[in-house]
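This report describes how the secondary structure elements of one protein chain are arranged and how they pack against one another. The sequence and the model are shown below.

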Amino acid sequence: MKRDPDITTRYFRDYEALENAFRRRIATLLPRKHGGTALFWRDFQRLFDALPEASARRAEHYITSNPRDCLAFGTPRQVLQAVIMTAAPSSTEVTADLEDIAVRFGLRSHLNQPVRSLSGGETVRLALAKAFTAAVHADRLTLASPFSWLSQNNRRFFYALADHCRTLGKPLEVFALEGEDDAATPDLRTGLPSGPEFRLVFCRARVILNSIFDRLHNRQLHALIADGEFNLRSPCLIQGDNGQGKSLVAKILARAMPHEGQADLETVQSKGRVRLLLQDLINQAMMRSFRQLATGTNPGGGARVGRFYNAIRADMTTVDEALTPEAIRSFEDACRVRTPASLVELKILLAALRLAAGPAAIVMDEPDWGLRRATALAYVRGVIRAAHQEGIPVLLISHKPWWRPWAGSGLAVSKVHPHQTSGSMELFQIQMQRANRLQ
């Protein structure tokens, strides 16, 4: 990241410290979701006590560490209309300004798309567009972890907001995790053994993207995946710019989205379901406690889950000097203690749960989210080693260069322009090619 003297950046060692500072900045108007339902509702009750104080303070505008948490409406058009209408009640002004802002932040083709279906990078661009529009009425802007979501090419949208704030004389401050904005490829002295081989096969595959409104109007919306067969070795690094369809491919392989045609991952051991670790990991946990997650689907106490968890934890503590055994509880201690799990404990547990299920492969989507760089490297290394010991391939989806030294193979993902056929709208096609040189 280029250093800008007009942008103040505060760095934090872990997610909890960043979130605590961010919540103080916005008068605790954001309940915590990573510590289970009890913590969430306790924060929610305190929210009402904070409202009078918050309303008397300066006008804050902010982007949360998960940008979806600050987007209240269903589509980008609705989000931008709402913020524009605060300043310009005339519908004529709204239409003109909205189109200009959408083009400025690369959202023109996404205006009527459900926010829930946007990629992580598209979502943060929408949050940046909203902040750009609201800046004129704000006393200051605060952004939490924007570089976990933005690819190197799309950081220009952040700098467009920063330049706009500079022109308006509005202070902008970034809360980031240590190393989050570091684009350099690390010098990894902790190598990994070669992983298992696997094959990806796509034949006439297309994803069904219909919303309930599309079904009501008998519209058929699809995204195509170009045919292809790829012989790969784990860990496989899947790269591409924001919004190119990387996560969509992962969700299809994991059977997390309806699709037609063939989209399979095959190994020597199995041809089965792929398990997925989303970037939006807190919502994937559904606010369940560590104990609920660990034992909810394992009546026997989750002994196999515990073995994976402790193996990943032990490996991480040998790599990141800040991760002492005391900093990350053992599986047994975390199940016994009622205090909320830290984010790093939650991430280890979700990886252990998926590995314990014996999947055909595991996909880690932007695995550095919520972790400082050193901890992210230790976490990914620990998961890969645990998976490889069981012969389970790992696919890493990332726009960061951090994982290149470990990659056994690579795929480059890109999206091509939409076209229409009889009776259906093919919104776009996802193309993949073997990456001989990882970018």
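A crossing of two helices is called right-handed if the near helix is turned clockwise from the far one by less than a right angle, and left-handed if it is turned anticlockwise. This term is needed for the helix pairs described below. The model is a predicted one.

**Overall composition**

The protein contains 14 helices and 15 strands. Of its 439 residues, 54% are buried. Among the contacts with a separation of 6 or more, 76% involve residues 24 or more positions apart.

Four strands form an open sheet in the order 1-4-3-2, with parallel pairing. Strand 1 (7-12) and strand 2 (60-63) are the edge strands, each of which pairs on one side only. Direction ignored, neighbouring strands in this sheet are turned by 20 degrees against each other on average. Within the sheet, strand 3 (residues 140-144) and strand 4 (residues 172-177) are joined in the parallel sense by four bridges. Ala144 has Phe175 in strand 4 as its bridge partner.

Helix 1 (residues 15-25) packs on this sheet and touches strand 1, strand 2, strand 3 and strand 4. The direction of helix 1 makes about 155 degrees with that of strand 4. Helix 5 lies across strand 2 and strand 3, and runs at about 165 degrees to strand 2.

**Two helix pairs**

Helix 5 also takes part in a contact between helices. Its axis and that of helix 3 come within 9 Å. Helix 3 covers residues 76-85 and helix 5 covers residues 120-134; their axes cross at roughly 15 degrees. Angles under 35 degrees count as roughly parallel, and helix 3 and helix 5 are therefore roughly parallel to each other. Their crossing is right-handed. On the helix 3 side, Pro76, Val79, Leu80, Val83 and Ile84 make the contact, and they meet Leu126, Ala129, Lys130, Thr133 and Ala134 of helix 5. By class, this contact has eight nonpolar residues, one polar residue and one charged residue.

The second pair consists of helix 13 (residues 343-356) and helix 14 (residues 373-389), which pack at an angle of about 15 degrees with axes 11 Å apart. This angle makes helix 13 roughly parallel to helix 14. The crossing of helix 13 and helix 14 is right-handed. Helix 13 contributes Val344, Lys347, Ile348, Ala351 and Leu355 to the contact, while helix 14 contributes Thr375, Tyr379, Val383, Ala386 and Ala387. The classes in this contact are eight nonpolar, one polar and one charged.

Tyr309 belongs to helix 11 (residues 303-317). Is this residue buried or exposed? Tyr309 has a relative accessible area of 0% and is therefore buried. Leaving aside neighbours within four places in sequence, the residues in contact with Tyr309 are Phe290, Ile328, Arg329, Ser330, Phe331, Glu345, Ile348, Leu349 and Ala352. One of these, Ile348, is also part of the contact that helix 13 makes with helix 14. Lys347, another residue of that contact, lies 38 residues from Tyr309 in sequence and 9.7 Å away in space, C-alpha to C-alpha.

Strand 7 (residues 228-233) has a covered face formed by Gly228, Phe230 and Leu232, and an uncovered face formed by Glu229, Asn231 and Arg233. Phe230, on the covered face, is the bridge partner of Leu200.

In strand 12 (residues 394-397), Val394 and Leu396 point one way and Leu395 and Ile397 the other way, and all are buried.

| Strand pair | Bridges | Sense | Reference |
|---|---|---|---|
| Strand 5 (residues 197-208) and strand 7 | Six bridges | Antiparallel | Strand 5 to strand 7 |
| Strand 8 (residues 236-239) and strand 12 | Three bridges | Parallel | Strand 8 to strand 12 |
| Strand 11 (residues 361-365) and strand 12 | Four bridges | Parallel | Strand 11 to strand 12 |

Two residues of strand 12 illustrate these pairings. Ile397 is the bridge partner of Ile238, and Leu396 is the bridge partner of Met364.

Terms used. Residues are numbered from 1 along each chain as its sequence is written. This is a predicted model: local features need pLDDT of at least 70, side-chain atom pairs count only at pLDDT 80 or more; totals for chains, interfaces and linings use all residues. Side-chain values use heavy atoms; hydrogens and water are left out. Axes are lines fitted to C-alpha atoms, for helices over the stretch in contact, and angles run from 0 to 180 degrees between N-to-C directions. Angles under 35 degrees count as roughly parallel, over 145 as roughly antiparallel, 65 to 115 as roughly perpendicular and the rest as oblique. Contact means heavy atoms within 4.5 Å. Ala, Val, Leu, Ile, Met, Phe, Trp, Tyr, Cys and Pro count as nonpolar, Asp, Glu, Lys and Arg as charged, and the others, Gly among them, as polar. Buried means under 20% relative accessible area, exposed over 50%, partly exposed in between (1.4 Å probe, protein chains only). Two strands pair if DSSP finds at least two bridges between them.
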